[in-house]
Amino acid sequence: PDPNRNPKPRNPKLRAVPYVLFLADFTISIASGMTTKFFPLFFKNVVHMGPSAVQVVYLVVPLCMAGMSIAAQASSRVLGRVPAILLYKGLG
């Protein structure tokens, strides 16, 4: 047996967890793609942000996503892939 390979879960229901998480992420991605183009109007009309503040948001969000991606990868080495996914999904 390969020591680097993860053993199969003992509970057959646990094998579905990665697939359910993928389906949830995929569904949210499709839905958010339909609404993302209206974020600047929301920030302008509802939050009353100026154009430069909206651009700061569009600058900061990808930087935070990159940082959290690096943190998730590091924590997955310690916790395992699926527990790390569940942790970060729970954190939002």
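1. How far does the backbone oxygen of Ala 72 lie from a polar atom of the side chain of Ser 75? The separation between the backbone oxygen of Ala 72 and that side-chain atom of Ser 75 is 3.0 Å. A polar contact is a pair of N or O atoms within 3.5 Å; within protein, one atom must be able to donate a hydrogen and the other to accept it, and residues adjacent in sequence count only if both atoms are side-chain atoms.

2. On the basis of the note: this is a predicted model, in which local features need pLDDT of at least 70 and side-chain atom pairs count only at pLDDT 80 or more, while totals for chains, interfaces and linings use all residues. Residues are numbered from 1 along each chain as its sequence is written, and side-chain values use heavy atoms, with hydrogens and water left out.

3. On the overall fold: the chain has 4 helices and 0 strands, and its elements run α-α-α-α from the N terminus on. Helices (H or I, at least four residues) and strands (E, at least two) are DSSP runs, numbered from the N terminus. Of the 92 residues of the chain, 7% count as buried. Buried means under 20% relative accessible area, exposed means over 50%, and partly exposed lies in between (1.4 Å probe, protein chains only).

4. On the packing of two helices: helix 3 (residues 51–79) and helix 4 (residues 81–91) pack at an angle of about 135°, and their axes are 7 Å apart. Axes are lines fitted to C-alpha atoms, for helices over the stretch in contact, and angles run from 0 to 180 degrees between N-to-C directions. Helix 3 and helix 4 are therefore oblique to each other; angles under 35 degrees count as roughly parallel, over 145 as roughly antiparallel, 65 to 115 as roughly perpendicular and the rest as oblique.

5. On the residues at this contact: Met 68, Ala 71, Ala 72, Ser 75, Ser 76 and Leu 79 of helix 3 meet Arg 81, Pro 83, Ala 84, Leu 87 and Tyr 88 of helix 4. Contact means heavy atoms within 4.5 Å. By class, the contact of helix 3 with helix 4 has 8 nonpolar, 2 polar and 1 charged residues. Ala, Val, Leu, Ile, Met, Phe, Trp, Tyr, Cys and Pro count as nonpolar, Asp, Glu, Lys and Arg as charged, and the others, Gly among them, as polar.

6. On the two serines: Ser 75 lies in helix 3 and counts as buried at 15% relative accessibility. Leaving aside neighbours within four places in sequence, Ser 75 is in contact with Gly 80, Ala 84 and Tyr 88. Ser 76 is also found in helix 3, and a polar atom of the Ser 76 side chain lies 2.7 Å from the backbone oxygen of Gln 73. Not counting residues up to four places away in sequence, Ser 76 touches Arg 81 and Ala 84.

7. On helix 4: Tyr 88 lies in this helix, and the side chain of Tyr 88 reaches the backbone oxygen of Ala 71 at 3.4 Å. Not counting residues up to four places away in sequence, Tyr 88 touches Met 68, Ala 71, Ala 72 and Ser 75. Ile 85, in helix 4, is partly exposed with a relative accessible area of 39%.

8. On the backbone of His 48: this residue has a positive phi of about 60° although it is not a glycine. His 48 sits in the loop between helix 2 (39–45) and helix 3, and it counts as exposed at 65% relative accessibility.
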